[in-house]
Amino acid sequence: LVNLTTTGATAEERYSRALGSNDFTVSSTVTPGETQTEAVSVVNPTDFFVSTLVAVLRREGIEVDGEAVDVDVWGARPRYDRMTRIATHLSPELSAIVGVTNTDSNNLYAEQILRTMGAYRYTGTQYALGSTEAGVVAGEPFLHRIGIDTDNLSLIDGSGLSAMNRLTPQAIITLLDAMHRHPDPATRDAFYRSLSVGGVTGTLSNRYRGGIARGNVHAKTGYISGARTLSGYVTASNGHLVAFSLLCNNYETTTARVNRAQDEVVEMLAGWH
């Protein structure tokens, strides 16, 4: 950790991680007495976990033989059926996980949800259980059922970070419409609540700070180099809930300008009579 933090009249978070390493530089400005907390990504999460686990056990006086070893470099897959379970951790419900995924645009969560589908819902033999490919195939029956032609889609990962992903606004609108009409009210509400709220939560907290879309638009952002997207719902002035999907690709202006253009479209939809 390289600490370049300074004290100032106004707070500003600035931090970075060197590519391919766990070397962090923090150059934030904090006000006197303030505490800033930020979740950051790390290189090799499995190695980080097992190393931290060993360190905590030893700190608590529990003897551990040997050093931490990442299963990916072990050379042989572990035989879980021969191991002794010492603890069980139950994850939050899927609705809570999806809430974090969509509100905060958590790419790791999104990837793991798709792979979990590939582990528990995939019934084929072509792909490995728990793989991205298996997860995509496991989701296709649902997409077909709601009227999306998967031949016109290309899903390479769960996070959307691959430049090889291909989606159409029509497919996203079809999905948004299907989720709004979902026969299970709990599923419908959980999906709607999982989206960021303009000017209030998540990746939209700093957008829609004013105007009639503030607190009204519920949407999911997307961003990789050269692509900026926004899809979700906004309630129009006439009381109708409007689904929208704005996908901007290969733009030659700033991302901030694309954000403003998208926000103006949503404001226009919010004011529709």
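Colleague: Which strands does helix H5 lie across, and at what angle does H5 run to S9?

Modeller: This is a predicted model. In it, H5, residues 169–180, lies across S8 and S9 and runs at about 150° to S9.

Colleague: In what order do the strands of that open sheet come, and what is the pairing?

Modeller: The order is S6-S7-S8-S9, four strands in an open sheet with antiparallel pairing. Strand S6 (196–197) and strand S9 (241–249) are the edges; each has a single partner strand, so one side of each lacks a neighbour in the sheet.

Colleague: How many bridges join S7 to S8, and how many pair S8 with S9?

Modeller: Strand S7, residues 218–224, is joined to S8 by seven bridges. S8, residues 227–235, pairs with S9 over nine bridges. As for individual partners, histidine 218 is bridged to tyrosine 233 in S8. Alanine 227 has asparagine 249 as its bridge partner in S9, and serine 231 has serine 245 there.

Colleague: Where do the glycines with positive phi sit in the hairpins?

Modeller: The hairpin of S7 and S8 has two residues between the strands, and glycine 226 takes a positive phi near 85° in that hairpin. The hairpin of S8 and S9 has five residues between its strands, with glycine 239 in the turn at a positive phi of about 90°.

Methods
Residues are numbered from 1 along each chain as its sequence is written. This is a predicted model: local features need pLDDT of at least 70, side-chain atom pairs count only at pLDDT 80 or more; totals for chains, interfaces and linings use all residues. Side-chain values use heavy atoms; hydrogens and water are left out. Two strands pair if DSSP finds at least two bridges between them. Contact means heavy atoms within 4.5 Å. Axes are lines fitted to C-alpha atoms, for helices over the stretch in contact, and angles run from 0 to 180 degrees between N-to-C directions.
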